[in-house]
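This report describes a helix pair and a sheet. Please keep the sequence and the structure in view while reading.

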Amino acid sequence: MTPRPALAFVSLILIAGACLLILFTLLGGAVDGNPTNQFYFLEADTSGLGNAAEISRWTFWSACRVVDGNNVCPDVSPAYPFDPNRNFDTDMSFGGRKFYLETRFGFAFVLIGLFFAVCALVLGLIALCSRIGSFLSSATCSVALFFQTLTAALMT
């Protein structure tokens, strides 16, 4: 007996977990509720910058202040740029527009990656029944991996 069916279910569980974690990362800062108000991709001490909070956390949606360990994000907007000059009304030098563009493109790439990851999950269910579903699932999973890797490279 081959381990193919067991490996198919393991791969579906892993892809479903990846979709869930991508969704949590994407929704962090957009929704003011538990657990998404605890997700962020950068925390910094911004006490000496313009009108910034003492500690700021950046999400895909806003630069949030921290209250009791949770994000409080005013003025939420999609593809919020990492640009301390604009975020906190200061004129200090932080590397120009490089970070601004990286975070804007990173938001678009994470959406594309999530779309292909969900497609890979749905096609993975079809892959249990046919070989063409298996091929399509692996192809969309590879595309999702590419865009998620590109997002991670832009965000670090």
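Two strands pair if DSSP finds at least two bridges between them. Strands (E, at least two residues) and helices (H or I, at least four residues) are DSSP runs, numbered from the N terminus. The model is predicted: local features need pLDDT of at least 70, side-chain atom pairs count only at pLDDT 80 or more, and totals for chains, interfaces and linings use all residues. Residues are numbered from 1 along each chain as its sequence is written, and side-chain values use heavy atoms, without hydrogens and water.

**The sheet**

Four strands form an open sheet in the order β1-β2-β3-β4, with antiparallel pairing. Its edge strands, β1 and β4, each pair on one side only. From one strand to the next, the twist averages 40°. Strands β1 and β2 run antiparallel and are joined by four bridges; Glu 43 has Arg 57 in β2 as its bridge partner.

| β1 | 42-45 |
| β2 | 55-58 |
| β4 | 70-72 |

**The helix pair**

Helix α1 (residues 4-27) packs with helix α3 (residues 98-127) at an angle of about 155°, and their axes are 9 Å apart. Therefore α1 is roughly antiparallel to α3, a term for angles over 145 degrees. Axes are lines fitted to C-alpha atoms, for helices over the stretch in contact, and angles run from 0 to 180 degrees between N-to-C directions.

Contact means heavy atoms within 4.5 Å. Residues of α1 including Leu 12, Ile 15 and Cys 19 meet residues of α3, among them Phe 107, Val 110 and Gly 124. By class, this contact of α1 with α3 has 15 nonpolar, one polar and no charged residues. Ala, Val, Leu, Ile, Met, Phe, Trp, Tyr, Cys and Pro count as nonpolar, Asp, Glu, Lys and Arg as charged, and the others, Gly among them, as polar.

How values were computed:
Angles under 35 degrees count as roughly parallel, over 145 as roughly antiparallel, 65 to 115 as roughly perpendicular and the rest as oblique.
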